[in-house]
Amino acid sequence: MPMWAVVLAAYAASRLLTTALLAAVHGLARALDWDFASFDWVPSFARFLASWDGVHYGTIAVDGYPSELPRGEDGNVQKNPWAFLPLFPLMVRPVSAVTGWDFALNGSVISTLFGAAATVALYRLLLPSIGRTSAFWGAMFFCFGPMSFVLQIAYAESVFLFFMFCSVAAMSARRYWLMIPLGVGAAFAHPGALAVSAALGLHFLFRLADRERQPFPHAERVAAIAAGVVITIAGFAWPLVATAVTGSRSAYFDTEMAWWRDYVGEVGFVPFTPWFLMAGHYLGAFGVVLVTAVLFGVILWLSGRHVRVLGRDLHLYSISYVAYLVAVFLPQQSLFRMLLPLSPLLGHPALTGTPLRRRRTLTVCIALQPVAILLFWFVWPA
């Protein structure tokens, strides 16, 4: 069998396992009458797979985006679909028109298919730098991991991850023109594509510095610059679209702050402050010191030679995505889901280098799946 078929077969096995775990937890929750964490609780298993904020994707797929922002009695913007990007629900809409199924079922099917594509894309991304065995096992840890259930629920993660992995693979292959549709697809699937344009900028500077040893033809330079500009524009485009439709200059950010309000109260968005804001709100000065120490440790770890074994481009991408999270993301339970774009790190030899390491890592991944499902569906919804 070709390796892509082996990867797909393993992905199918992972979906059988995860579906069985999800179905078991769903049945247990109904039998014991547990309080369901999502506000859109419907007993069917398909609707269970469209939990969390999946209701907003469903609204977009059926009705589109509101032209007026909903506001509470205090005048603050309430949670609404403008926080969610359009590519995934717009994919679901024509499929629903053909099948007649509701958003929850169609969304889960599309997500599962793109999860398969993302797993193959991750394998192909890792293959040139770490070889077939480590690349395969990195893909396995991705699709069997604790958060792998997001690869089959009615959420945009699978679509986003597919475009992100393909974008970085195209950058590594120096196919810069191909990066444009892939990067734009990522930008309109889920926040985070700006990490790709940042990684491309660093990639460009390294290639420019090394041009005496490795040629960097003018045509490739033009293509890289064009890709970086277009993906950056796409990454910043959605707030402008929200403004154009609603007439509010801060529509997108006010909508995002509606989610932040549950954790830190009424605040404004300032880049590179969310982690300090969250820690300071709950832990005071100690929290700020703690975040500083954690970020310093992450910087040291990412700067180490051991990370560079994955290749320069994956190293630059990992740095860029971590910087993106620190710049814009308020760290709460969704952080575990937001770390999935860093899945190329799962191919590191520290996890895949020996049979014993591979067995141990896979065992831990599978053992943590039911823990994550219980935690993020019923205790602390993500």
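Analyst: Let's start with C166: its sulfur sits 16 Å from the closest cysteine sulfur, the one in C143, and that is too far for a bond. This is a predicted model, by the way. C166 is buried, at 17% relative accessible area. C143 is buried too, with a relative accessible area of 0%. For C143, the closest cysteine sulfur belongs to C365, 9.3 Å away, again too far for a bond. The disulfide count comes to zero.

Salt bridges are another story, with a count of six. Take D262 and K79, whose side chains meet with N to O at 2.7 Å. D262 belongs to helix α10 (residues 251–264), while K79 is in the loop between α3 (54–63) and α4 (87–99), so this pair ties together parts that are 183 residues apart in sequence. K79 counts as partly exposed, at 37% relative accessibility.

Next up is R337 with E157, a salt bridge whose closest N and O atoms are 2.8 Å apart. This one also links distant parts of the chain: R337 is in helix α14 (residues 335–338) and E157 in helix α6 (residues 157–172), 180 residues apart. Both R337 and E157 are buried.

Then there's R207 and E220, with the closest N and O atoms 2.6 Å apart in their salt bridge. Here R207 comes from helix α8 and E220 from helix α9 (residues 218–246), and the two residues are 13 apart. R207 counts as buried at 4% relative accessibility, whereas E220 is partly exposed at 24%. Salt bridges with shared partners also join D210, R213 and R312 into one network.

While we're on helix α8, have a look at S197, which lies in that helix (residues 194–209). Its relative accessible area is 11%, and because buried means under 20%, S197 counts as buried. The S197 side chain makes a polar contact with the side chain of T232, at 3.3 Å. If you leave aside neighbours within four places in sequence, S197 is in contact with G228, I231 and T232.

So, back to your cysteines: C143 and C166 are both buried, and the model has zero disulfides alongside six salt bridges.

Conventions
Residues are numbered from 1 along each chain as its sequence is written. This is a predicted model: local features need pLDDT of at least 70, side-chain atom pairs count only at pLDDT 80 or more; totals for chains, interfaces and linings use all residues. Side-chain values use heavy atoms; hydrogens and water are left out. Helices (H or I, at least four residues) and strands (E, at least two) are DSSP runs, numbered from the N terminus. Buried means under 20% relative accessible area, exposed over 50%, partly exposed in between (1.4 Å probe, protein chains only). A polar contact is a pair of N or O atoms within 3.5 Å; within protein, one must be able to donate a hydrogen and the other to accept it, and residues adjacent in sequence count only if both atoms are side-chain atoms. Contact means heavy atoms within 4.5 Å. A disulfide is a pair of cysteine sulfur atoms within 2.5 Å. A salt bridge is a side-chain nitrogen of Lys or Arg within 4 Å of a carboxyl oxygen of Asp or Glu.
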